[in-house]
Amino acid sequence: MKIVYWSSTGNTERMAQMLGEELEKLGGSAEVEEVSSVSPSALEKETVFALGCSAMGDEELDEGEMEPFVQEVEKFASGKKIGLFGSYDWGDGEWMRRWEARMKEAGADVAGTVIANNEPDDEDQANLAELAKALCG
């Protein structure tokens, strides 16, 4: 399964790695890739994948790389099972709620969302394990 992420501080990158580890524990495979190294079209034929992005600015997706990527994914998200994850340092997770709503509006089946306040901890690991199960189910 492809896991594509953008990380400003390394926390969302760590979450992507943790999700990949959880998928492998379930017997699946995981390709963890930074958004700059992947084209949105690489996800077009995938039926299940995960996207991660830390909150930026006023609780927004990264505008430089992730936002344009997500805009392209929205064009073919209908019918796809997608997991969303990311980290933040301020606010209350509004960026994730908006992102989830966007994906649902595009017709995606959002399997779940996981947000970490700064560095992911044991609770976040457990939540990523649940997301991995939902993505595999």
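Visitor: What makes the crossing of α1 and α4 right-handed?

Guide: In this predicted model, α1 passes α4 in a right-handed crossing. The label applies if the near helix is turned clockwise from the far one by less than a right angle.

Visitor: Which residues make the contact?

Guide: From α1 come Met 15, Met 18, Leu 19, Glu 22, Leu 23 and Lys 25. From α4 come Gln 125, Leu 128, Ala 129, Leu 131, Ala 132, Leu 135 and Cys 136. By class, the contact has ten nonpolar, one polar and two charged residues.

Visitor: How do you know that Glu 60 and Arg 98 form a salt bridge?

Guide: Their closest N and O atoms are 3.1 Å apart, and the cut-off is within 4 Å. Glu 60 lies in the loop between β3 (48-53) and α2 (66-74), while Arg 98 lies in helix α3 (residues 94-105), so the pair ties together parts that are 38 residues apart in sequence.

Visitor: Are these two residues buried, partly exposed or exposed?

Guide: Glu 60 has 34% relative accessibility and Arg 98 has 30%. Buried means under 20% and exposed over 50%, so Glu 60 counts as partly exposed, and so does Arg 98.

Visitor: What makes Lys 75 exposed, and what is the class of Glu 72?

Guide: Lys 75 is at 65% relative accessibility and therefore counts as exposed, the limit being over 50%. Glu 72, at 35%, is partly exposed. The side chains of Glu 72 and Lys 75 meet in a salt bridge, at 2.9 Å from N to O.

Visitor: Why are Lys 133 and Glu 130 said to be separated by about one helical turn?

Guide: They are three residues apart in helix α4, which means a separation of about one helical turn. Lys 133 forms a salt bridge with Glu 130, with the closest N and O atoms 3.3 Å apart. Lys 133, at 46% relative accessibility, counts as partly exposed, and Glu 130, at 47%, is partly exposed.

Visitor: What joins Lys 2, Glu 31 and Glu 33 into one network?

Guide: Salt bridges that share partners join them. The structure holds twelve salt bridges.

Technical notes. Residues are numbered from 1 along each chain as its sequence is written. This is a predicted model: local features need pLDDT of at least 70, side-chain atom pairs count only at pLDDT 80 or more; totals for chains, interfaces and linings use all residues. Side-chain values use heavy atoms; hydrogens and water are left out. Helices (H or I, at least four residues) and strands (E, at least two) are DSSP runs, numbered from the N terminus. Contact means heavy atoms within 4.5 Å. Ala, Val, Leu, Ile, Met, Phe, Trp, Tyr, Cys and Pro count as nonpolar, Asp, Glu, Lys and Arg as charged, and the others, Gly among them, as polar. Buried means under 20% relative accessible area, exposed over 50%, partly exposed in between (1.4 Å probe, protein chains only).
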